[in-house]
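Let's take a walk through this one together.

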Amino acid sequence: IYGEKMWFVSTQGILMKYDCVNCHTDIVVPENVHEICFGQIIDSMVIFEDKIYFIEQDGSMLYEYDIVSNMCNSYQAPQVKMINWACYAGLYLYGDKIYLFTKDTMDIYCFDIRNKNFELIKSKYDKSVSCSMQKEHIAYLVCDKSIFCFNMK
């Protein structure tokens with residue numbers, strides 16, 4: 001949710017916004033629509049400075065949609081393994097970085113919003129992550145019979 005609008009991508013790969021006040025849904029067509037092709041988006045979207053970030057279900061592309069300019073950029077994401085139809089257990093924003101937590105090995109990738117590049121933060125654990133959540137600067141990762149905490153500071 002950004003302002004009074006809820007943003008999402010339909011199962012057909014169409015960017016949409018729902019006006020929470022007027023209860024109306026609109027299709028959003030980015031100016032460069034012919035350069036991009038959204039697929040399934042199942043992970044959370046994060047918002048930073050009038051831009052919405054979201055990743056493909058297969059983990060292949062991270063998208064950056066600029067609400068003000070109505071333009072969309074895409075960034076090739078690192079290749080990760082899909083488990084139960086998803087690659088990531090969570091995408092979280094902290095500062096000007098997006099942290100992406102993989103489902104298969106607890107590898108953590110960081111996307112620097114300013115520099116537009118990915119960095120691997122290798123985990124010391126080889127565990128499968130079933131789910132996660134963020135509270136302030138801590139990401140909590142649920143793995144089998146354990147909960148791991150990652151401090152994004």
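Strand E2, residues 15–19, runs antiparallel to E3, and four bridges join the two. Strands here are DSSP runs of E with at least two residues, numbered from the N terminus, and two strands pair if DSSP finds at least two bridges between them. Keep in mind that this is a predicted model, where local features need pLDDT of at least 70, side-chain atom pairs count only at pLDDT 80 or more, and totals for chains, interfaces and linings use all residues. Residues are numbered from 1 along each chain as its sequence is written, and side-chain values use heavy atoms, with hydrogens and water left out.

Where does Asp 19 sit in this pairing? Look across to E3, and you'll find His 24 opposite Asp 19.

The strands make an open sheet of three, in the order E1-E2-E3, with antiparallel pairing. Strand E1 (5–9) and strand E3 (24–27) are the edge strands, as each pairs on one side only.

Let's stop at Asp 26, which is found in strand E3. Is Asp 26 buried, exposed or partly exposed? Its relative accessible area is 33%, so Asp 26 counts as partly exposed (buried is under 20%, exposed over 50%, and partly exposed in between, using a 1.4 Å probe and protein chains only). Leaving aside residues up to four places away in sequence, Asp 26 touches Leu 15, Met 16 and Lys 17, where contact means heavy atoms within 4.5 Å.
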